[in-house]
Amino acid sequence: MSEVNEVKVEKTPELQGRKPFFKDKNKDKRERPARREDSEFDKTVVCVRRVTKVVKGGRTLRFSALVVVGDKKGRVGIAIGKAKEVSGAIEKATTMAKKNLINVPIVDGTIPHDIIGKFSATNVLMFPAPAGTGVIAGGSARAVLELAGIHNIVTKRHGSSNKINVVKATIEGLKSLKTKEEIAARRGKSVDEI
């Protein structure tokens with residue numbers, strides 16, 4: 001085995017104030033924190049569609065993404081974003097969904113009462129369920145309910161099965177939920193009188 005001789009380099013007074021001409025790549029990565037999204041919210045991409053606009057020169061192709069955002073503690077929001085690339089559409093939709101959050105009243109992991117959410121030709125019936133039932137819902141409605149933080153619910157969709165309409169109908173139903181306290185305050189009575 002050959003031994004490697006170490007060479008000592010003495011810094012001359014001219015070079016002491018200068019930075020080395022090479023960069024330590026690992027050092028730069030350690031100094032800058034990694035850019036991460038807000039961990040407070042979870043997001044689910046419900047659907048991505050290719051959309052076109054017919055113009056004089058032909059068709060312009062874009063992408064549309066429907067995103068559901070929620071914190072699993074009673075806040076949920078939806079939005080649709082459009083861009084020339086899929087990732088851009090998802091980012092736009094996520095940003096808009098965080099601005100359109102609604103509060104959902106949750107009682108013991110389920111909704112306080114039966115409700116029907118309506119949007120366009122879609123009706124989503126939602127019923128409270130006992131503990132241990134789980135989320136019984138279709139794919140589009142399930143994304144909204146799970147990100148809202150509801151653990152036990154039974155749903156049934158009637159009418160159109162369009163994913164966008166189902167998500168919007170689910171949100172409309174969740175918006176119109178009221179707790180016993182809200183109803184009592186509205187009627188000017190106590191909770192026991194209702």
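Guide: Here are some labels, each set against its definition. This is a predicted model, where local features need pLDDT of at least 70, side-chain atom pairs count only at pLDDT 80 or more, and totals for chains, interfaces and linings use all residues. Residues are numbered from 1 along each chain as its sequence is written, and side-chain values use heavy atoms, with hydrogens and water left out.

Visitor: Why does Thr94 count as buried?

Guide: Buried means under 20% relative accessible area, exposed over 50%, and partly exposed in between (1.4 Å probe, protein chains only). Thr94 has 5% relative accessibility, so it counts as buried. Thr94 lies in helix α2; helices (H or I, at least four residues) and strands (E, at least two) are DSSP runs, numbered from the N terminus.

Visitor: And what does Thr94 touch?

Guide: Contact means heavy atoms within 4.5 Å. Not counting residues up to four places away in sequence, Thr94 touches Lys43, Val67 and Val69.

Visitor: Why is Pro112 called partly exposed?

Guide: Its relative accessible area is 28%, and the class runs between the buried and exposed cut-offs, so the label is partly exposed. Pro112 sits in the loop between β4 and β5 (115–119). Leaving aside neighbours within four places in sequence, Pro112 is in contact with Pro105, Val107, Leu177 and Lys178. The C-alpha atoms of Pro112 and Thr179 are separated by 6.1 Å, though the two are 67 residues apart along the chain.

Visitor: What makes β1 and β2 a pair?

Guide: Two strands pair if DSSP finds at least two bridges between them. β1 and β2 (residues 58–70) are joined by 13 bridges, so they pair, and they run antiparallel.

Visitor: In what order do the strands of the open sheet come, and why do β1 and β4 stand at the edges?

Guide: The order of the 4 strands is β1-β2-β3-β4, with antiparallel pairing. β1 (42–55) and β4 (102–103) each have a single partner strand, so one side of each is left without a neighbour in the sheet.

Visitor: How do α3 and α4 cross?

Guide: The axes of α3 (residues 139–148) and α4 (residues 163–175) come within 8 Å and cross at roughly 40°. Axes are lines fitted to C-alpha atoms, for helices over the stretch in contact, and angles run from 0 to 180 degrees between N-to-C directions. Residues making the contact include Val144 and Leu145 of α3 and Val166 and Ile171 of α4.
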